[in-house]
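This briefing is for a reader meeting the structure for the first time.

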Amino acid sequence: MSDVTGQFGGRTALVTGAAGDIGAATAAAFAEAGAAVVITDRREDALDVVAEGLRAKGAQVLAHACDQTDPEAVAGLFAAIRAGAGRLDATFINAGYGRYGPLIDLPFDQWRKHVDVNLNGGFLMAQGAARLMLEGGRGGAIAMNASTAATHICDLLGAYAASKAGVRMLAKSLASELGVWRIRVNLIMPGVIETAMTKSLIDDPAVRADALANTPVGRLGEPEDIARLAVFLCSEAAGYVTGAEVMIDGGQTLHGYPRWFSADYSREGADWLPHSQP
């Protein structure tokens, strides 16, 4: 992957879900590459902490709290970017929501939240970003964060997987339609990354051992792995790349992993057990 140091000088990059592990790492990576960074998240207090850390390292930062499921809030975010930065060159659509549970028992409000945050929110952010890039007439690049679950079955994560599969097709459709304006759109598909979302599972020694055994590179992913890829895809070094989907999972899907859980059909009720448990 090419060195992108300095490639974003004079440019502005937006990172959504920036209060989370992957978002914060990506905001830092854009700043290190020379970008002025706009960070957003619905959690204002946590967002302020990230902003303070970036500014302490000399980054130019605009922090704007926003619930991406709210069209008016999203419009307000892009109005703030227009007023504060005057341009948008790169966007990493990263904010997401996921909860474990069998689909047959999933309350509809949980299903709807997955769709609202991941798919509807992703659409609103991508649309707003593209419109602002179009105003500048310079084109730009959008990277959307999905999951290996968008293409590979992951039991008990069905609502998340279905919404991320929608994000996958959304990214491809945007790439096709926006190319005429020199706006590139690519999809990132992470496997098991060490974040707050996966902590409850991979802190279990048996689950961690199982995950490592099914990861050919011999380690789990770090937020910085995703950050480097997002910045690369938005850089001039990837200027001929659009409509691509990049699996970044250490090879886990080569083994059909992650399959966190399996149904135990030997007992009435088909209880769900950790996949690593015999």
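In what order do the strands of the open sheet run, and with what pairing? The model, which is predicted, has an open sheet of seven strands in the order E3-E2-E1-E4-E5-E6-E7, and the pairing is parallel. Its edge strands are E3 (61–63) and E7 (245–248), each of which pairs on one side only. From one strand to the next, the twist averages 15°.

**Sheet details**

- Strands E5 and E6 are paired in the parallel sense, over six bridges.
- Asn 145 has its bridge partner in E6, namely Ile 188.
- Helix H2 packs on the sheet and touches E2 and E3. The direction of H2 makes about 175° with that of E3.
- Helix H5 also packs on the sheet, where H5 touches E5, E6 and E7. The direction of H5 makes about 160° with that of E6.

**Helix H5**

- H5 covers residues 158–178, which is 21 residues. From first C-alpha to last, H5 reaches 30 Å, close to the 30 Å expected at 1.5 Å a residue.
- The buried residues of H5 include Ala 159, Tyr 160, Lys 164, Val 167, Leu 170, Leu 174 and Leu 178.

**Helix H1**

- H1 spans residues 21–32 and has 12 residues. Its reach from first C-alpha to last is 17 Å, close to the expected 16 Å.
- H1 is mostly covered, with nine of its 12 residues buried. Among them are Ile 22, Gly 23, Thr 26 and Phe 30, along with several alanines, including Ala 25 and Ala 31.
- The cover over the buried residues of H1 includes strands E1 (12–16), E2 (36–40), E4 (90–93) and E5. Helices H2 (44–56) and H8 (223–233) are also part of that cover.
- After H1 comes Gly 34, which has a positive phi, near 105°.

**Cysteines**

- A disulfide is a covalent bond between the sulfur atoms of two cysteines. The count of disulfides in this model is zero.
- Cys 66 is buried, with a relative accessible area of 7%.
- Cys 154 is buried as well, with a relative accessible area of 8%.

Conventions
Residues are numbered from 1 along each chain as its sequence is written. This is a predicted model: local features need pLDDT of at least 70, side-chain atom pairs count only at pLDDT 80 or more; totals for chains, interfaces and linings use all residues. Side-chain values use heavy atoms; hydrogens and water are left out. Helices (H or I, at least four residues) and strands (E, at least two) are DSSP runs, numbered from the N terminus. The expected span of a helix is 1.5 Å times one less than its number of residues. Buried means under 20% relative accessible area, exposed over 50%, partly exposed in between (1.4 Å probe, protein chains only). Contact means heavy atoms within 4.5 Å. A disulfide is a pair of cysteine sulfur atoms within 2.5 Å. Two strands pair if DSSP finds at least two bridges between them. Axes are lines fitted to C-alpha atoms, for helices over the stretch in contact, and angles run from 0 to 180 degrees between N-to-C directions.
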